[in-house]
Amino acid sequence: MTHLLAVDIGWGWTLAIKTVVVLGLIPLGALILGYTFLLKMMSHMQSRLGPMDPGGFHGWFQLVGDGMKFLQKEDIMPEQADRRVFALAPAVVVISTFLIFVVVPTGPRLVVKDLDVGVFYALAVSSLSIIGVLMAGWASANKFALLGALRAAAQLIAYELPLLLAVVGVVVQAGTMNLNGIVTAQQGGAIFGWDGLGNPYILTQFVGFALFLVAAQAELTQTPFDMPVAESELVSGYMVEYTGFRFLFFFIGEFGTAFAFAALAATLFLGGWALPGVHGGTADLLGPLVLFVKLMAVAFLIFWVRFTYPRLREDQLQAMAWKYLIPIALANILVTGLFKVWL
Amino acid sequence: MTAVDPSAGDGGKKKSARRLPGQGLVEGLGVTLRTMFEGAVTVQYPHEKEEPPTRARGVIALKEENCTVCMLCARSCPDWCIYIEGHKEARPPRRAGGRERSVSVLDRFDIDFALCMYCGICVEVCPFDALFWSPEFEYSEGSIAKLLHDKRKLGDWMEVVPESEPLEVGAEIKAK
Amino acid sequence: MSTTDRPVATRPSAVVPEIEVDPGAFRHLADAQMNVELDTGDMVLNLGPQHPATHGTLRLVVRLDGERVLAADPVIGYMHRGYEKLTEYRPYPQIITLINRIDWLSSFANEVPFVHAAERLMGIEAPPRAVYIRTILTELSRIATFLLFLGEMGLQVGAMTPAFFGFRDREHVLNVIEGATGGRFHPNFNRVGGLKDDLPWGWIAECRRTMDIVFKSCDDFEDLLMGNEIFEARTRSIGIIPADVGTSYGVSGSNIRASGVDWDLRRDGDPYLAYRDVDFKVWTHPDGDSYARYWVRLQETRESARMVLQLLDAIPAGPIMAKVPRVIKVPEGECWVETENPLGQMGYYLVSKGSTGPFRTKIRSASFSNVSILPWLLQGVYIPDIITILASLYFILGDIDR
């Protein structure tokens, strides 16, 4: 993308702009998701208002103020902690989130790197956070943090498979792993011959969509799969020794990953940046807005489930992944393959 | 271990015995979604305020002219948070040739609201109706010492003592 | 010193369940004792006095083998306030104020057995209007505390939303109690011989409106939690209390009714308050697990609301205070009164020597016995199940420690 609005700007500037956008997008996305869903939607589902005073208008400044508060806190590290690993662990978790956004397209030409194996890369890179979780648990020099981290790692690894298998159906139907290719396949497709809406894969891959959402919920360690983090019944899981700025990293990582997964789901199942009939330059302008609306809808579903359900016990959670979700995902791939070959 | 609830029924909602798998999950989502649109019940204090009921035990007010320094309230307080001091003064006789009367005058009447349990025994036990309840509750202070309300402040609280309200149907005693 | 005519409560018509107790079951109590400093083997986890999952300052020392509990030892006493000693030095009106705070979530119900004991020794009876209003307020405090339970059990199991619903709907009940008594949490409304005041104008209508809110709230809890498959997965077959073990440990109230024992002091014990005039059903559940305890309390909340509506229709007119002297002096005697409190069976054994205050009061609180089953109950469960079981037993620390 060395042409910005028909102006040739060279690869250096391109790289700089892309870096700034990706780096700024994650905290901004985390902020928007956190405010809208955690502070406001959750509050209204609980018959209350949430923050109203900070910033004057319905408390929009609350999270920004929280971030500033975290930044000025003392940096505490346990005495027996492994210093370097302890410091790097939150960074690893957040870096994996940043890396997902390298392939998510917001327009036909607005993508940091249009990889041909986009889907493969995105899912591979999202599982890097498991390493960060294990590093955090190990380096905390705390029996219970380690246990929480092991439990979290087991859960995250178990739910990688349904996440992956759910997406395979989409790849089979689109015929490509390139995310922009998937979006254009949905935009150009037709439902039983009528192409007014394109062919968003949620209609045919509804099983895959449901599986993806459930697996994403587990990847984000959100209720009903938040046993690793809500060990705050007993101790606080793998994040227990983290305070201040480092905890802020974990928090941004959690909501940033939610943002990323919602963006992926919107791209794979809802058509991403595409609106039917909108191509070229207009699509570049409207694309980010359309993607934003779609990903907020997916995030609504994710957080709606989070605030309604109790949590599953760790063994029930594992049983659900291995005994139910994976067979269903495999069946979905089989049916999609059959349809693709014979229709 | 059966997973079926007793057949006597729920006593409330009508529930069919057979439920679809996942029906409970969907109903739960419905409840939260409906609550989201029903509006919040928050009263944004201090911008908005709620009125407590008339009988709410907020603060105690003293009507000094009724007090005869009998000390019944101070004696019956479970926390001993009422401090009373008084002295006797002589008054002229009512009619010419009569005995001189002596009247108790209140010197000090403090209630320490940091100790007060808000039980109301003092108000109830006073034979001369010198103490009254008021639903006023916004008297927090920055220092605990200021929670000791003296005679003058307790007299000021008389302004917020509400009129006694009528009683429910069937009550025999008259409201005081 | 002894008294000739001691009005002691008897139970001629009650049906006490026949139970066979295996003495070996109590071995677990001895096994559970742990000295935390000397223990070097399996992992010892201390759910310390300050903990979000134990309702107050309960300390639970748990020995773990990986995920499973080998032994659990509850350590109580962090909130001991010396109630029984306090009652030795106070006159009766002050004691009524203080005992509000034993079980602070259903405070009105704590006053009732004590006031009954004093009235029985004095030989006076509260007028019928006072008895009816006492019954209504007791059932209202039962609804208030159960609404809190329905919400916070969801919170312990992981759903954060029901807790807010519980508090939101409880506010209406507390406002109704405040309208009559002046206090939301500590009504301090009973007096020996009747009640302090009569009801204010419009209270009965307000109470009826609140019962509608309670019914709707129970329906919401049923949809949100009780029918939820995840909640069922977390609570079914968790913490099963067999009926015989439960009764031998003294578990009472909804906990034992959830194990199938059909025992409710409102119906089966000595007649007290206006329960003989009310048509109500005692709910039991055969399973005895955490789900059953939740189910029973939900039904009891609805049943209490129905009872309140019946009573509101039938309040007799009349005085609310019997003729009592200004200074209450209870004649010599001993008396035992037990009632069905929201947490279980609460009883007061009142010994009086004829003065303005009791000589000795023994308070039998429900949660003390309910918690005593924990060493037996927590064996072999997973760590998350400890939380579920603690939540489902529903004890209040003030009730355990007094």
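Two residues are in contact if their C-beta atoms, placed from the backbone, lie within 7 Å. The model described here is predicted.

**Contacts between chains**

By this definition, 43 residues from chain C and 39 residues from chain B make up the contact between these two chains. On the side of chain C that touches chain B, two or more residues each come from helix H3 (92-99), helix H6 (161-181), helix H7 (203-226) and helix H12 (290-313) of chain C. H7(C) gives the most to this side, with 9 residues.

Chain B also touches chain A: 9 residues of chain B are in contact with 11 residues of chain A.

**A sheet in chain C**

Strands of a sheet pair through backbone hydrogen bonds, either parallel or antiparallel. In chain C, 3 strands form an open sheet in the order S6-S7-S8, and their pairing is antiparallel. Strand S6 (333-341) and strand S8 (360-364) of chain C each have a single partner strand, so they stand at the edges and one side of each is left without a neighbour in the sheet. From one strand to the next, the twist averages 10°.

S6(C) pairs with strand S7 (residues 344-352) of chain C over 9 bridges, in the antiparallel sense. Glu338(C) has Gly347(C) in S7(C) as its bridge partner. Helix H4 (residues 107-122) of chain C packs on the sheet and touches S6 and S7 of chain C. The direction of helix H4 of chain C makes about 150° with that of S6(C).

Note on methods: Residues are numbered from 1 along each chain as its sequence is written. Chains are lettered from A and ligands numbered from 1 in the order in which they are written. This is a predicted model: local features need pLDDT of at least 70, side-chain atom pairs count only at pLDDT 80 or more; totals for chains, interfaces and linings use all residues. Helices (H or I, at least four residues) and strands (E, at least two) are DSSP runs, numbered from the N terminus. Two strands pair if DSSP finds at least two bridges between them. Axes are lines fitted to C-alpha atoms, for helices over the stretch in contact, and angles run from 0 to 180 degrees between N-to-C directions.
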